[in-house]
Amino acid sequence: MKLTKLFVSAFLVFGALGANAVDKAKMNQFVDNLMSQMTLQEKIGQLNLPVTGEIITGTAKSSDIAGKIKAGQVGGLFNLKGVDKIKEVQRIAVEQSRLHIPLIFGMDVIHGYETVFPIPFALSMSWDMDAIRNSARIAAVEATADGIAWTFSPMVDICREPRWGRMSEGSGEDPYLGSCIAQAMVQGYQGTDLAAANTMMACVKHFALYGAPEAGRDYNTVDMSHVRMFNEYFPPYKAAADAGAGSFMTSFNVVDYIPATGNRWLMTEVLRDMWGFDGFVVTDYTAISEMINHGMGDLQQVSALALNAGTDMDMVADGFVGTLEKSLAEGKVTMEAIDTACRRILEAKYKLGLFDDPYRYLDERRAKKELYTAENRAQARRLATETFVLLENSEGVLPLKKQGTIALVGPLANTRANMPGTWSVAATADRYSTLLEAMQRAVGKDATVLYAKGCNVCYDEELEKNSTLFGREMRDPRTPEQLRAEALRIAAHADVIVAAMGEPSEMSGESSSRSNIAILDAQRDLLEALKATGKPVVLLNFSGRTTDMTWEKQNFSTILNVWFGGSEAADAICDVVFGDVAPSGHLSASMPKNVGQVPIYYNHLNTGRPCPKWFTKFTSNYLDVDNEPLYPFGYGLSYTTFSYGQPTLSATSMTRDGSLRACVTVTNTGSREGAEVVQLYIRDLVGSVARPVKELKDFSRITLKPGESKVVEFVITPEKLKFYNSQLKFDCEPGEFDVMIGPNSRDVQTLRFTLR
Ligand code: BGC
């Protein structure tokens, strides 16, 4: 390893300092010294993040990128997997570029690495912050053991739009729950010392508002008021910035008609000036050049726009490397702006300890030992069981006994590649179990599991093809009649039918929007036929979004939503289906009755004409469906039951410098242990701007043995009553507030207090 003297002395002095302990003065001195040696081209090179491209298949040395790295035209690379390959590329940067500046290696480590945790949307159903933090911690340990120091996660876009496929990557519809999760994820990834070899830098995305595309179509226009942005969509981004996230990613969409990547108000005034974020901002994939399509000018213009907005690193568009030098000469950008962006990227590398040791994250021994370990898998399995939401179990069919004959049917019953869920770049699916394998393992010799696919994902071959990309194709060439007949044959021999239905994993995720979120035709026909057998049916619904389950609810008494549970999903599903673990997931998004109700969310405003009872003429309602969701935000059943006592408040009023305690006794009234999520909502009855009918302000996940009671206490502070008013001032206003406590956003008991 050849390093300049300057580096060596700096490493000796500062190498041991971690991110949170980083000595800013010394970092500045180090970066100043380094930048004083850099040419303009080398500075612009740091702002360039090309994709790995042909290195994945070929050798790094002979790649086109190698030449650019040697010339100092590359700041980092992403989605390259494996210590050997990454080391080879790092060596080019460190040994063959003029200033030996190490590259930063990023990846979409979204929900785990080789040990894959449930998709983020599913994780949010657990409401278990410790477990979520731990999932990010494990992801960081595995990814850093394999050479990755920077993850493009957490994705914290609030989403009330199930047509949008990327609902799967976020934490649902609620800003408070979303903020808690954003914070937990950043803490999990970054730990307390960013320079430690097993922590990695988070990249919060997609800033901002990507989760609100018109009509749910990916990349589409977003338009909303600033009051809504600040109160309902910005909180998780801000929480992640407050938690010390090292980087942010721009979103593809427009914000106030200016693409986020070129939006100075967003990237500088909000993110840096208001929130104090001091990391770096990377664009989303080709987001700079996409501004040409947005009608913002040619590549040179849009690149200058991005830099001047406060965007530091260009992912894949080649806009910065291609045009900034010219723009500087023409006075369209300043040297100061280029220096600032370059400095921020060098600082990130410094904080990660890459100047101390560019091979810090490239330890073959760790890669062999720390990936996909039994312990990590056990944790992923446990957490997956917490994410499943039991929607219906009115006849007590679940949990199943490990006896008799079980007919396992459905397009998701015997597929391996679909188990981890979308955006699992590092997954090695051939190691993961199918549900069929897991079920056979779970019952052993005690029961018989028969299997038939029963139907394809849908009748439309083209739709299925587009929904099963990336090697996840699963189409069966047999006719629908043949497939169904086989399923009915095995069902005839069974005591119970388990139907593994829903979306394949690539039917959600990026560029996977749907205009119809109801069950797919072929699956519905199969379910009808299974129902007609008269046998009990357990419906397992796989999905990456909230779907329209109205028909299923009308026809089936046992429904477990399993989303995509990660590498250990199949075993985790069996843990719950056979009752080793009781389900405890609670919805982080309202489930609509049909797509026409979308967007539907619990924390909506009142109208001037609220609907007292559906249907009432000249009130705010539909002719053909009521205003309630099929299942409300926060909803989820267990195998046991919980009762809530009468909640109490420690006082009926509080002052701006005081606080109140709200208490409720929750009792496990069933016959087995279970976990419950106790939820606290608040309504501000009169405000200077219209206030939501309720807002989640706190929650507590508790585990109770049969007969056991616990008093759950929530502290209500003025901070919890604050909101952004029309001047975007964050404050609370005196007046009356309703406090609501319950097991979901619908079934609450209400108390009132006054803020004086
Ligand atoms: C996605 C990002 C992702 C990036 C890099 C983009 O298409 O929108 O979420 O991090 O690609 O893979």
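Student: Let me start with a strand pairing. Which residue of strand 27 does S653 stand opposite?

Tutor: Keep in mind that this is a predicted model. As for the general idea, strands of a sheet pair through backbone hydrogen bonds, either parallel or antiparallel. Here, S653 faces T754 in strand 27. Strand 19 and strand 27 (residues 749–755) run in the parallel sense, paired over two bridges.

Student: What is the order of the strands in that open sheet?

Tutor: Five strands make it up, in the order 19-27-26-21-22, and the pairing is mixed. At the edges you'll find strand 19 (653–654) and strand 22 (695–704), each of which pairs on one side only.

Student: Now V664. Is V664 buried or exposed?

Tutor: V664 counts as buried because its relative accessibility is 1%, and the cut-off for buried is under 20%. You'll find V664 in strand 20 (residues 660–668).

Student: Which residues does V664 touch, setting aside those up to four places away in sequence?

Tutor: V664 touches Y644, G645, P647, V678, K710, V711, V712 and I741. For a sense of spacing, take L649: it sits 15 residues from V664 along the chain, and their C-alpha atoms are 9.1 Å apart.

Student: On to the cores. Which residues touch the most other members of the largest nonpolar core?

Tutor: The background first: in soluble globular proteins, nonpolar side chains tend to be buried together. In this model the largest nonpolar core has 83 residues, and those touching the most other members are I69, F207, L209, F234, Y237, F248 and L266. Helix 7 (residues 129–145) gives the most to this core, with nine residues. Take F234 as an example: leaving out neighbours within four places in sequence, its contacts are F207, A208, L209, M229, W265, L266, V270 and W275. There's also a second, separate core of 79 residues, which includes F388, A447, L539 and V577.

Student: Last one: at what angle do helix 13 and helix 14 pack?

Tutor: Read the angle together with the axis distance. Helix 13 (residues 299–309) and helix 14 (residues 319–329) pack at about 90 degrees, and their axes are 9 Å apart. That angle is why helix 13 is described as roughly perpendicular to helix 14. On the helix 13 side, the contact is made by L299, Q300, S303, A304, A306 and L307, while helix 14 brings G319, F320, T323, L324, K326 and S327.

Student: How many of those contact residues are nonpolar, polar and charged?

Tutor: The contact of helix 13 with helix 14 has six nonpolar residues, five polar and one charged.

Note on methods
Residues numbered from 1 in each chain as written. Predicted model: local features only at pLDDT ≥ 70, side-chain atom pairs only at ≥ 80, totals over all residues. Heavy atoms only, no water. Helix = DSSP H or I, 4+ residues; strand = E, 2+ residues; numbered from the N terminus. Buried < 20%, exposed > 50% of the residue type's maximum accessible area, 1.4 Å probe, protein only. Contact = heavy atoms within 4.5 Å. Axes fitted to C-alpha atoms, helices over the stretch in contact; angles between N-to-C directions. Parallel < 35°, antiparallel > 145°, perpendicular 65-115°, else oblique. Nonpolar A, V, L, I, M, F, W, Y, C, P; charged D, E, K, R; others polar. Core = buried A, V, L, I, M, F, W, Y, C linked by side-chain atoms within 4.5 Å. Pairing = 2+ DSSP bridges.
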